[in-house]
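Subject: A structure for you to look at

Hello,

Here is the structure I promised to pass on. Please open it beside this message, and then read on for what I found.

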Amino acid sequence: MSGTIAKPDRLTCAASRAARELDLKRGEFDLAVNLGLIRTVPDEGGGGRRVARAELDRLRAEDGFPDALRERVATAGTNEGAELMDVTPTRFTSLARFGLLVPVRFYLNRYRTVVWLYLAEELRQFASEASNARLLTGRAPAEVREGLKAGLDRRPRNWRGRHIGFLLRQAGDDPWAHAAAVACLLDPADVAEVVEDPYERDHLDRCRPRLPAHGAPGSPAADRAQELMTASEPDEVAWFRADLAHTMETARRQRPAPRPAPQPAPRPAPVPAPRPGPAPTSAPRPGPAKTSAPGPVPAPTSVPEPVAAPVEDRSVPPAHTPSHGVLGWLRRRGRRPAE
């Protein structure tokens, strides 16, 4: 049987390569993905999202490619946006601060000033609607003026509301990815109060989507950007917390967070059996006493010679020895004088 199986990396390509093949800058490509203009698939190896070759072919086959795609992701700042809407930059900023114009991106310039970007296509559409004519010419409405006097600025909140929509679209039906998307826009202290289990918080961190990077981690620019990307208004925080708690209930039912395997209870240490000792032996016999080096030999002393005992004459029994029985009778008879 002959045949070949296409490798996954031949059916999809990384985001950087897809951006080049679609003739887009990386920022334009990321925005197109967030807006749902380019469909992506998760990387099985955990290396980020990828783009299928079939999706690239579909986009290249559209009319007006690539200019039409670039126009849909084109952004404008305050000055460019004011020109598109035919208003002054001051009026444009007032409308944006009041929340009528929703930014889609932001960055910090070298002075760490926040520069908000808006979709050019949305700005043209806003200016073309007849209902918005009173906002573009003449004196600004009273509610707009009062809000600006009070220091109202809804641009960060509107960006967060829009960005959470991007993240939830990429999360799909995965409840853990949904919860992680909400948690990444909350302060860690709020997340810890809603999700008390440390293993669940660790799993949320692993599922956490990537937020736009602004400067090196720990730098003033990064801290400022993190402040803008974190929910701060009380009603907004309450909404995110409620959504996180609801989504976590669904995630626990469908797929609990992984936990370490339970450790078996420690067994009591076995008491070692006594080792067999050597067989009992009899008490050691005393050996010859160890002597030290021989000293001087004492001079011999004279010992009196023993006196020899007198030899007893056994032929004649002693007079005092009594004779009894037959033996005594024979002896007495032998000594009787001959007649």
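First, a term you will need: a residue is buried if its relative accessible area is under 20%, exposed if over 50%, and partly exposed in between (1.4 Å probe, protein chains only). At 43% relative accessibility, Asp 23 therefore counts as partly exposed.

Before going further, please note that this is a predicted model, in which local features need pLDDT of at least 70 and side-chain atom pairs count only at pLDDT 80 or more, while totals for chains, interfaces and linings use all residues. Residues are numbered from 1 along each chain as its sequence is written, and side-chain values use heavy atoms, leaving out hydrogens and water.

Now the overall picture. The chain has 17 helices and 6 strands; helices (H or I, at least four residues) and strands (E, at least two) are DSSP runs, numbered from the N terminus. Of its 339 residues, 31% count as buried. A contact means heavy atoms within 4.5 Å. Among contacts in the chain with a separation of 6 or more, 69% are between residues 24 or more positions apart.

Next, some backbone details. Most residues other than glycine have a negative phi, and most peptide bonds are trans. Asp 23, in the loop between α2 (15-21) and α3 (26-34), has a positive phi near 60°. Asp 86 also has a positive phi, of about 60°, and sits in the loop between α6 (78-85) and α7 (89-98). With 70% relative accessibility, Asp 86 counts as exposed. The peptide bond from Phe 65 to Pro 66 is cis, with omega near 0°, and Pro 66 belongs to the loop between α4 (53-60) and α5 (67-72).

How do the helices pack? Two packed helices are described by the angle between their axes and the distance between the axes. Axes are lines fitted to C-alpha atoms, for helices over the stretch in contact, and angles run from 0 to 180 degrees between N-to-C directions. Angles under 35 degrees count as roughly parallel, over 145 as roughly antiparallel, 65 to 115 as roughly perpendicular and the rest as oblique.

The axes of α11 (residues 155-171) and α12 come within 9 Å and cross at roughly 165°, so these two helices are roughly antiparallel. Residues making this contact include Ile 164 and Leu 167 of α11 and Ala 177 and His 178 of α12.

The axes of α12 and α14 are 8 Å apart, and the helices pack at about 85°. That makes α12 roughly perpendicular to α14. Trp 176, Ala 179 and Ala 180 of α12 meet Glu 200, His 203, Leu 204 and Cys 207 of α14.

Which residues of helix α14 are buried? In α14 (residues 198-207) they are Glu 200, His 203 and Leu 204. Seen down the axis, they fall within an arc of 105° (taken from the directions from the helix axis to the C-beta atoms), so they line one face of the helix. Their cover includes α12 (175-183) and α16 (234-254).

Finally, look at Thr 247 in α16. At 6% relative accessibility, Thr 247 counts as buried. Leaving out residues up to four places away in sequence, Thr 247 touches Pro 175, His 178 and Ala 179.

Happy exploring!
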